[in-house]
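Subject: Handing over the structure, with notes on what was found

Dear colleague,

Please keep the structure open beside the text as you read.

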Amino acid sequence: MNRWLIGALALALGCTTAKAQSLDDLNIQIHGYATQGFLYTTQNNILTTSSSNGSPAWTEAVVNITAQPNPKLRIGVQGRYFLLGNYGNAITLDWAAADYKPDERFGIRFGKVKTPSGLLNEIQDIDPSYIWSLLPQGIYPINSRNSVLAHYGGVVYGTFNLGSSLGKLEYRGWGGERVIGTDDGYFVNQKEAGLNLPNGLSGVTIGGAIHWKTPLPGLMIGASNGKDQQWSSTLTTGGGALTGAETLNPFNLPSYFGRYEKDKVMLAGEWTRLPVSGAITFAGLPASYVHIDQRSWYLMGSYKLTDKFTLGLYNSQAVDHRAALGPARFSKDWTVSGRYDFNQFLYAKAEQHFIDGTAIGYDTSLNPKGLQPDTRLTVLKVGVSF
């Protein structure tokens, strides 16, 4: 509850400044979207759905409200209903923040704010803004979106014009508390083994990012690095009969990325590393240690064939260098996607994934006969935005 209050406080601070103004002066805008997805796979069930039989268990509805009481101050909040298989089925707060920007070189936002890491993190909650139904899952796992998207704290940002021969340099810096909820996708197999984190995991996060908009029109290259401090939380098993602790050691999350956009063409790529180590301990029992060194990357491109139809392709890979050899060590995904915009409000997406490896997106309870080494995933989605 205290974290909801942080977001509410950000709004209250902004509204205090604007309380003497009329509603018309606040420039209030309300936007959102709703989507319905369908998943079908060969061989394996994926993302906690019964996808091998065809599953419509993917529904999202998003509403955001923003106000701009003066040119330097913007306040807003976004809520989401999310259901994907056994994930979600709840309304959550994506973000709630006040944003003060006195000039181009410096701005600050605070509350529950989007974490500006990587290339796509700040837009992964806006389905109408991109062609893909599923972003590359090695870097932007949909079953962990609520945990990865935002943190409680603040972001400072700005832009420096380096001149016509050098382009522009954008910076972001962030700090605060990151929370991984108890129902996060990271914990699916752990929960199925009877280990529960009633309070999830949380800890301090800090980081920074640089985006260089080069003199070549449409080309941006950048890097970010986030550092999360040690996290520890109560762990229970046996219906609460045993109580222990789960601890993650401090780790860095570096990312390097680039994007090129011109006319009807978009090209992008990103590489990141997630090195995590930790331990699960119960009094009187030997500790269980966790070591992960996942390195992920993708290359993607899209082309707008007509005003209404866009075609895209990406290849993404994730490899855990600490895992044993075999399909559970990696995930390699070739994806073909198409999007058709019927009008400015209604759109549809169709996507085909050719996945080798089982490192990402699978749980044991829905695959009781074990996982096959490859999966073909078809995703259909229809969305309406306003």
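A residue is called buried when its relative accessible area is under 20% and exposed when that area is over 50%, with partly exposed for the values in between. Please also bear in mind from the start that this is a predicted model.

Salt bridges

With those cut-offs in hand, Glu104 counts as exposed because its relative accessible area is 52%, whereas Lys101, at 30% relative accessibility, counts as partly exposed. The side chains of Lys101 and Glu104 meet in a salt bridge, with 3.4 Å from N to O. A search of the whole structure finds 17 salt bridges, and two others are described here together with their surroundings.

One of them brings together the side chains of Asp127 and Lys381, at 2.9 Å from N to O. Asp127 belongs to the loop between β5 (106-114) and α2 (145-149) while Lys381 belongs to strand β19, and therefore this pair ties together parts that lie 254 residues apart in sequence. Are the two partners buried or exposed? Asp127 is buried, with a relative accessible area of 3%, and Lys381 counts as buried as well, at 4% relative accessibility.

The other joins Arg376 and Asp356, whose closest N and O atoms are 3.8 Å apart. This pair links distant parts of the chain, since Arg376 sits in strand β19 and Asp356 in strand β18, 20 residues apart. Here Arg376 is partly exposed, with a relative accessible area of 27%, and Asp356 is partly exposed too, at 34% relative accessibility. Salt bridges that share partners also join Glu60, Arg80, Asp94 and Arg145 into one network.

Strand β19 and its partners

Strand β19, which covers residues 374-385, has side chains that alternate between two faces. Which strands pair with β19? Strand β1 (residues 29-41) pairs with β19 in the antiparallel sense over 9 bridges, and Phe38 stands opposite Leu380 in β19. Strand β18 (residues 346-356) also pairs with β19 in the antiparallel sense, over 11 bridges, and there Leu346 stands opposite Val384.

Nonpolar cores

The largest nonpolar core has 15 residues, and those with the most contacts inside it are Leu119, Leu120, Trp132, Leu135, Tyr140, Tyr298 and Met300. The elements that give two or more residues to this core are β14 (265-282) and β15. Leaving aside residues up to four places away in sequence, Tyr298 touches a set of residues that includes Leu119, Leu120 and Tyr140, as well as Pro136 and Ile139. A second, separate core of 14 residues includes Leu39, Ile142, Tyr362 and Leu377.

Gln294 in strand β15

Gln294 is found in strand β15 (residues 288-304), and with a relative accessible area of 17% it is buried. What does its polar side chain meet? A polar atom of the Gln294 side chain lies 3.1 Å from the backbone oxygen of Gly138, and the side chain of Gln294 also makes a polar contact with the side chain of Ser296, at 3.2 Å. Apart from residues up to four places away in sequence, Gln294 touches several others, among them Thr272, Arg273, Leu274 and Ile360.

Gly158 lies in strand β6 (residues 150-161) and is buried, with a relative accessible area of 4%. Setting aside its neighbours within four places in sequence, Gly158 is in contact with Glu104, Arg105, Phe106, Leu169, Glu170 and Tyr171.

The structure holds 5 aromatic pairs, and one of them is formed by Phe160 and Tyr171, which are stacked at 5.9 Å centre to centre with 25° between the planes. Phe160 lies in strand β6 and Tyr171 in strand β7 (residues 168-180), so this pair ties together parts that are 11 residues apart in sequence. Phe160 counts as partly exposed at 38% relative accessibility, and Tyr171 is partly exposed with a relative accessible area of 21%.

With best wishes

How values were computed. Residues are numbered from 1 along each chain as its sequence is written. This is a predicted model: local features need pLDDT of at least 70, side-chain atom pairs count only at pLDDT 80 or more; totals for chains, interfaces and linings use all residues. Side-chain values use heavy atoms; hydrogens and water are left out. Helices (H or I, at least four residues) and strands (E, at least two) are DSSP runs, numbered from the N terminus. Buried means under 20% relative accessible area, exposed over 50%, partly exposed in between (1.4 Å probe, protein chains only). A polar contact is a pair of N or O atoms within 3.5 Å; within protein, one must be able to donate a hydrogen and the other to accept it, and residues adjacent in sequence count only if both atoms are side-chain atoms. Contact means heavy atoms within 4.5 Å. Two strands pair if DSSP finds at least two bridges between them. A salt bridge is a side-chain nitrogen of Lys or Arg within 4 Å of a carboxyl oxygen of Asp or Glu. A nonpolar core is a set of buried Ala, Val, Leu, Ile, Met, Phe, Trp, Tyr and Cys residues joined through side-chain atoms within 4.5 Å. Rings of Phe, Tyr and Trp (its six-membered ring) pair if their centres lie within 6.5 Å; planes under 30 degrees apart count as stacked, over 60 as edge-to-face and the rest as tilted.
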